[in-house]
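Please look over the chain shown here. The paragraphs below walk through how its parts pack together.

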Amino acid sequence: MSIRHGLLALLERGQMYGYQLRAAFEESTGATWPLNIGQVYTTLGRLERDGLVLALPENEGGQRPYEITDAGRAELALWFATPISRTDRPRDELAIKLALALTTPGVDVRAVVQSQRTATMRALQEFGRLKRVDDRPDDLAWRLVLDAMMFQAEAELRWLDHCEA
């Protein structure tokens with residue numbers, strides 16, 4: 001997901017200033033993607049330059065709210081309507097690490113796999129704990145993000161089993 005589209009989606013809810021956008025972004029993603037406030041303001045600057053958001057006058061507290069424009073709504077609708085391509089996803093660092101481990105002299109590939117398996121199992125257990133003690137049972141966005149992380153960890157464990165075999 002791009003920060004650009006995430007901010008547009010949040011602004012579709014209503015006007016917000018930078019710190020509100022950052023907090024809403026992190027809440028929507030279950031804090032799995034911490035966002036630097038500098039990234040927020042840099043992205044807002046680009047969105048404004050591209051005519052996708054409009055900076056409003058500062059409020060009494062000195063914050064400058066932003067709102068989405070019609071062009072921003074069109075961009076957001078296109079983003080939601082366009083499937084994510086496999087080539088648009090970030091590189092898989094684990095696959096690269098194991099591929100290089102196989103061809104690097106002196107690397108114990110089984111130890112690399114086992115170390116990753118242990119870390120992934122711990123992460124999966126933590127996700128399960130978070131799901132059991134979920135203090136936001138009505139927060140569908142958080143539950144979907146948590147489920148996605150669990151499914152990805154489970155898939156990674158299956159892939160590690162495949163690599164070891």
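What follows goes from the cores to the helix pairs, and then to a few single residues.

This is a predicted model, in which local features need pLDDT of at least 70, side-chain atom pairs count only at pLDDT 80 or more, and totals for chains, interfaces and linings use all residues. Residues are numbered from 1 along each chain as its sequence is written, and side-chain values use heavy atoms, with hydrogens and water left out.

Start with the cores. A nonpolar core here is a set of buried Ala, Val, Leu, Ile, Met, Phe, Trp, Tyr and Cys residues joined through side-chain atoms within 4.5 Å. Buried means under 20% relative accessible area, exposed means over 50%, and partly exposed lies in between (1.4 Å probe, protein chains only). In soluble globular proteins, nonpolar side chains tend to be buried together. The largest nonpolar core in this model holds 20 residues. L7, L11, L21 and L44 have the most contacts inside it. At least two residues of this core come from each of α1 (3-13), α2 (18-28), α3 (37-49), β1 (53-55) and β2 (66-68). Helices (H or I, at least four residues) and strands (E, at least two) are DSSP runs, numbered from the N terminus. The largest share of the core, 5 residues, is supplied by α1. Another core lies apart from it, with 8 residues, among them L124, W142, M150 and L157.

Now take α1. Its buried residues are I3, H5, G6, L7, L8, L10 and L11. They pack against α2, α3, β1, β2 and α4 (70-81). Contact means heavy atoms within 4.5 Å. Just after α1, G14 takes a positive phi of about 150 degrees.

How do α1 and α2 meet? Two packed helices are described by the angle between their axes and the distance between the axes. Axes are lines fitted to C-alpha atoms, for helices over the stretch in contact, and angles run from 0 to 180 degrees between N-to-C directions. The angle between α1 and α2 is about 105 degrees, and their axes are 10 Å apart. That makes α1 roughly perpendicular to α2. Angles under 35 degrees count as roughly parallel, over 145 as roughly antiparallel, 65 to 115 as roughly perpendicular and the rest as oblique. On the α1 side, the contact uses G6, L7, L10, L11 and R13. On the α2 side, it uses L21, A24, F25 and S28. By class, these are 6 nonpolar, 2 polar and 1 charged residues. Ala, Val, Leu, Ile, Met, Phe, Trp, Tyr, Cys and Pro count as nonpolar, Asp, Glu, Lys and Arg as charged, and the others, Gly among them, as polar. L21 touches L7, L10, L11, M16, V40 and L44, not counting residues up to four places away in sequence.

Next comes α5 (residues 93-103), with two partners to follow. Against α6 (residues 109-132), the axes come within 9 Å and cross at roughly 160 degrees. The two helices are therefore roughly antiparallel. Their crossing is right-handed. A crossing is left-handed if the near helix is turned anticlockwise from the far one by less than a right angle, and right-handed if clockwise. L94, K97, L98, A101 and L102 in α5 meet V109, V112, V113 and Q116 in α6. The contact divides into 7 nonpolar, 1 polar and 1 charged residues.

Against α7 (residues 140-164), α5 packs at about 15 degrees, with the axes 12 Å apart. That makes α5 roughly parallel to α7. α5 passes α7 in a right-handed crossing. L94, A95 and L98 of α5 make the contact with E156, W159, L160 and C163 of α7. This contact has 6 nonpolar, no polar and 1 charged residues.

Finally, some single residues. T120 is found in α6. T120 is buried, with a relative accessible area of 4%. Leaving aside neighbours within four places in sequence, T120 is in contact with A153, E156, L157 and L160. T120 and A153 are 33 residues apart along the chain, and their C-alpha atoms are separated by 6.1 Å. W142 lies in α7. W142 is also buried, at 6% relative accessible area. Where is D135 found? D135 sits in the loop between α6 and α7. At 67% relative accessibility, D135 counts as exposed.
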